[in-house]
Amino acid sequence: MERRRPIKVNEAISRLMEFKTAGSVEYVHIEESYGRFLGEDIIADHHVPPFDRSPYDGFAIRSSDTAEGSRTNPITLKVVGEIGAGSVFPETVQENEAVRIMTGAQIPAGCDAVVMLEIVKEEMSDNEPYIILKRKIKENDNISFAGEDTKKGTTVAKKGTYITPGVVAVLATFGYKRVPVSVKPKVGIIATGSELLELDEPLQPGKIRNSNAYMIYSQVVRAGAVPIYFGQFCDDLDTCFHQVRDALAKVDILITTGGVSVGDYDYLPAIYGKIGANVLFNKIAMRPGSVTTVAEKDGKLLFGLSGNPSACYVGFELFTRPIIRTYLHASRPFLKKEMAFLGGNFAKANPFDRFVRGHITYQDGKLVATPVGLDKSNVVSSLAEANILINLPGGTKGYEKGMEVAVILLEDQEGTTFEALVNTEINSRRSRRHMNEKLFEIAEAPIQIDAVIQKVERREAGAITTFIGTVREWTRGKQTMYLEYQAYIPMAVKMLAEIGEEISEKWPDTKIAITHRIGRLDISEIAVVIAVSSPHRKAAYEANEYAIERIKQIVPIWKKEHWSDGETWIGDQLEKVPYESGKPNVKDVE
Ligand SMILES: Nc1nc2c(c(=O)[nH]1)N[C@H]1C(S)=C(S)[C@@H](COP(=O)(O)OP(=O)(O)OC[C@H]3O[C@@H](n4cnc5c(N)ncnc54)[C@H](O)[C@@H]3O)O[C@H]1N2
Ligand code: MOO
């Protein structure tokens, strides 16, 4: 029997993407464009709005006429006409004249501002309408300028954009009654296995219904392609070979399900050989879907997905979908990944990367990814509930509830690029963050320096600076025996977090964690640890120093020095305000 060598998921994707192709372009009515992919860049051939217009119902005026206007010096302007949206005022507006104007109407020549109906008083005098204004109006007040939405020549939507209702609005604005869209690839589907029954057949001993074909059918539609179901393979290798060859001639991409493993009836490896296809890989270090096989014949790709339903599903989303999306010109053909916190334990370690069916929800503002159903590749029921795949990198350790993990969003349309997929933090080694992790802490137990550092570790960081504040024995000739820190904890944590906010404004690329100890501390014990990570070291140094200065200024932590000859409470951390007597209480900071 052949021995297959598993390759890494990203390696499989790279090999596969070398064979990507992009399809041609066709035109459809705008009503049919939703859910398609743009076949061309859409470039604004005029300004939007095309002319200066009024954003309000009111009066178009000349601002210079109101220069002397005030509460005590009302300005009267003669209303010389009225225009609604769609019409144009035929003359140039003269000194001390105004035109009644509706939202969306073009600003008349001579006018340079609009006043809203609500702020003028309307009056009739000698049967002529006038408005009275008790203020000065600035030039350009309340005017929507030509091109303020979009300037002529701007690319408003790029080729390969998924057409949402918002994109449809833009297409309509620029007159696209017919829209250039990417031609959908034709994706053939063949099911294999003599145990398979069609859906209208009653169950029989040893047989199961063919669920994969219909599952793949809808995955193909979701990916944006046209599915063509060729039915089930027969049992005989020679006939199967003809079926695959004939189907391949009719489609752009061919998917088979089942028959790719090493069993006696797993015909696909033999068929690939017989049609002369080049097998890109036939074993991937992942679960489920390790048997996923991809072959190429004259530029067309054949996806041999597993027969096990969950493995088949995962194989499609990871490998077939990006090929379909690339064919549609999508610039971000991969499903988007995000970070979330695990909602359940995965104690057992697995050397292969796992893609666990899960459900994502918001809980207290955090994304929580909970595995659904049985985590086996032959399970079908969990697929109905899954809206994510939880991506657990393989290794020697399991995963605990609350750990941060990457999730693949199954219903995502936005997508991501291959570079982002392999380079971001999300895809790095296992994350060490935990749902209950706190960046700003007041601790009663000794501080673990490494734990504070870990909180700021990330792929973007090129530097981590750590400040460790320790208890000093000698201060200006006086000997300290030990220190005692007290804090109003909720307020202290809040102020630490505020320092974090200040730092993220001043040094936007940094990430900071601070833990301050309270209670009794002996000489050389650690009182505070500040860790700052940043792409470049300068910001990490600066932000770290800033943090300790600010802690001394604003964080309500009091220090009691136990000297060799007595004790003093230090009123503030700048050590400028000693307490006269007794110890401080919370009121001092409130
Ligand atoms: N000796 C070994 N056995 C197996 C290995 C291995 O490495 N060595 N790999 C296992 C893994 S992992 C998987 S996954 C499966 C993959 O097998 P195939 O892709 O060849 O698929 P089949 O054997 O045809 O079927 C597997 C399973 O799925 C059911 N099935 C098949 N088609 C459908 C369908 N259209 N709808 C619903 N269910 C379907 C089929 O009845 C089987 O139960 O191999 C392992 N074995
Ligand atoms: O390909 Mo199999 O899914 O690893 O169970």
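The legends below describe close-up views of a predicted model.

**View 1. Confidence across the predicted chain.** The pLDDT of the chain averages 92, and 95% of the residues reach a score of at least 70. Residues 584-590 are a stretch where the pLDDT is below 50, and beyond near neighbours in sequence this stretch has 10 contacts in the model. Where pLDDT is low, the predicted coordinates should not be read in detail. For the model, the scores are an ipTM of 0.94 and a pTM of 0.80.

**View 2. An open sheet of 6 strands.** Followed across the sheet, the strands come in the order β6-β3-β5-β4-β8-β7, and their pairing is mixed. The edges are taken by β6, residues 113-116, and by β7, residues 121-125; each has a single partner strand, so one side of each is left without a neighbour in the sheet. On average, and with direction ignored, neighbouring strands of this sheet are turned by 40° against each other. Strands of a sheet pair through backbone hydrogen bonds, either parallel or antiparallel.

**View 3. The pairing of β4 with β8.** Strand β4, which covers residues 75-83, is joined to strand β8, residues 128-133, by 4 bridges, and the two pair in the antiparallel sense. One place to look for this pairing is K78, whose bridge partner in β8 is Y130.

**View 4. Strand β22 and its partners β20 and β21.**

View 5. The side chain of R287 has an N or O atom 2.8 Å from an oxygen atom of ligand 2. Backbone atoms also approach the ligand: an N or O atom in the backbone of S290 lies 2.5 Å from an oxygen atom of ligand 2, and for a backbone N or O atom of V291 the distance to an oxygen atom of ligand 2 is 3.2 Å.

Conventions: Residues are numbered from 1 along each chain as its sequence is written. Chains are lettered from A and ligands numbered from 1 in the order in which they are written. This is a predicted model: local features need pLDDT of at least 70, side-chain atom pairs count only at pLDDT 80 or more; totals for chains, interfaces and linings use all residues. Side-chain values use heavy atoms; hydrogens and water are left out. Two strands pair if DSSP finds at least two bridges between them. Axes are lines fitted to C-alpha atoms, for helices over the stretch in contact, and angles run from 0 to 180 degrees between N-to-C directions. pLDDT is the predictor's confidence in each residue, from 0 to 100. Contact means heavy atoms within 4.5 Å. A polar contact is a pair of N or O atoms within 3.5 Å; within protein, one must be able to donate a hydrogen and the other to accept it, and residues adjacent in sequence count only if both atoms are side-chain atoms.
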